[in-house]
Amino acid sequence: MTAEASTQDLLPAELTMGTVMLKVGDMKLMTDYYQRALGLETVAEQDGGLYLGRQQKPLVHLAPAPGLNLPSRGEAGLFHTALLFEDQHSLAATIATAAQYEPQSFTGSADHLVSEAFYFNDPEGNGIELYWDRPRAAWSWEGKNVVMDSLALPPQRYLQQYLTEESVAGQRQAAAGVGHVHLQVGDVQSAHEFYVGTLGFEKTAGWHGQALFVSAGGYHHHMAMNVWNSRGAGPRRDTLGLGEVLIEVPSGDDVAALADRLKAAGVESHHTGAELRFEDPWRNRIRVAVR
């Protein structure tokens, strides 16, 4: 296979992650959390739902879903939505407001070598990662695998080092984006076949056969899948939690190329021209659209 042919089977290097849609039981409680704990502002309203984000950029779409139940722990679905901050000071400001809002929502922190990450759960149990990336020049690679780890990162020391009055006062004006989305799936091999073999992500790391990290354009990961809580899980029921993951690409040609790959793989999809909607093997809904 020529290099040119192989790149046509890959997602574009300029790919970015877009808004994550969550199906919500208690809109008032969840809106309060994302606004006050995470410092997000209402960007738009639609059909009773809210798009919340920073600098008019939507990051999370809260969609009312009355009558649905919370997913059980072992089901496929969302592991976490990861919000990426431009500097350590703005990250520290949001760690502080999230911890103050509900201290027990904090679930851990880690230095991953490529990034510094802090983990929380929202009031309906959806995982959230707040993180900052080290410069790409500081990342290490072993062949095509990026070197990551989970080293201790004490949150109190981090806040003492980076939390400032300026970062707290300017929290809502500081930029943030969806850096990656991490899913719970039933098995890693099927995830690899779908996300790498069919969609065209590149594998950047694995974790003892229990997790897979994938990206486009040499990022450490745009998406990840693990079986830590969900090994053997089948297709999802319709529950609260993850509604849809948005992936944004530069052009309609990128959407069309992916539509062709899905068709060749026998994956059902809906192609409008500007965007493509489909499901992974666990019925996690994905939308790929022109940015």
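Predicted model: local features only at pLDDT ≥ 70, side-chain atom pairs only at ≥ 80, totals over all residues.
1. Let's start with helix H4, residues 155–162, where the buried residues are Tyr 158, Leu 159 and Tyr 162. Looking down the axis of H4, these buried residues fall within an arc of 95°, so they line one face of the helix.

2. What do the buried residues of H4 pack against? They sit against helix H3 (88–101), strand E7 and helix H5 (165–169). The face of H4 turned away from that buried side carries exposed residues, namely Gln 156, Arg 157, Gln 160 and Gln 161.

3. On to the aromatics. A search of the whole structure turns up 9 aromatic pairs. One of them joins Phe 106 and Phe 120, edge-to-face, at 5.4 Å centre to centre with 65° between the planes. This pair links distant parts of the chain, with Phe 106 in strand E6 and Phe 120 in strand E7, 14 residues apart.

4. Are the two partners in that pair buried or partly exposed? Phe 120 counts as buried, because its relative accessible area is 1% and the cut-off is under 20%. Phe 106, at 28% relative accessibility, counts as partly exposed.

5. Another pair worth a look is Phe 194 with Tyr 195, also edge-to-face: 5.0 Å centre to centre, and 80° between the planes. Both Phe 194 and Tyr 195 are buried.

6. Tyr 33, Tyr 34 and Tyr 101 are linked into a cluster by ring pairs.

7. Now for some backbone angles. Leu 113 has a phi near 75°, a positive value in a residue other than glycine. Where does Leu 113 lie? You'll find Leu 113 in the loop between strand E6 (106–111) and strand E7 (115–121). With 31% relative accessibility, Leu 113 counts as partly exposed.

8. His 208 also deserves a glance: its phi is near 50°, again positive in a residue other than glycine. His 208 is placed in the loop between strand E12 (202–206) and strand E13 (211–215). Why does His 208 count as exposed? Because its relative accessibility is 68%, and exposed means over 50%.

Conventions. Residues numbered from 1 in each chain as written. Heavy atoms only, no water. Helix = DSSP H or I, 4+ residues; strand = E, 2+ residues; numbered from the N terminus. Buried < 20%, exposed > 50% of the residue type's maximum accessible area, 1.4 Å probe, protein only. Phe/Tyr/Trp six-rings, centres within 6.5 Å; stacked < 30°, edge-to-face > 60°. Arc of directions from axis to C-beta. Contact = heavy atoms within 4.5 Å.
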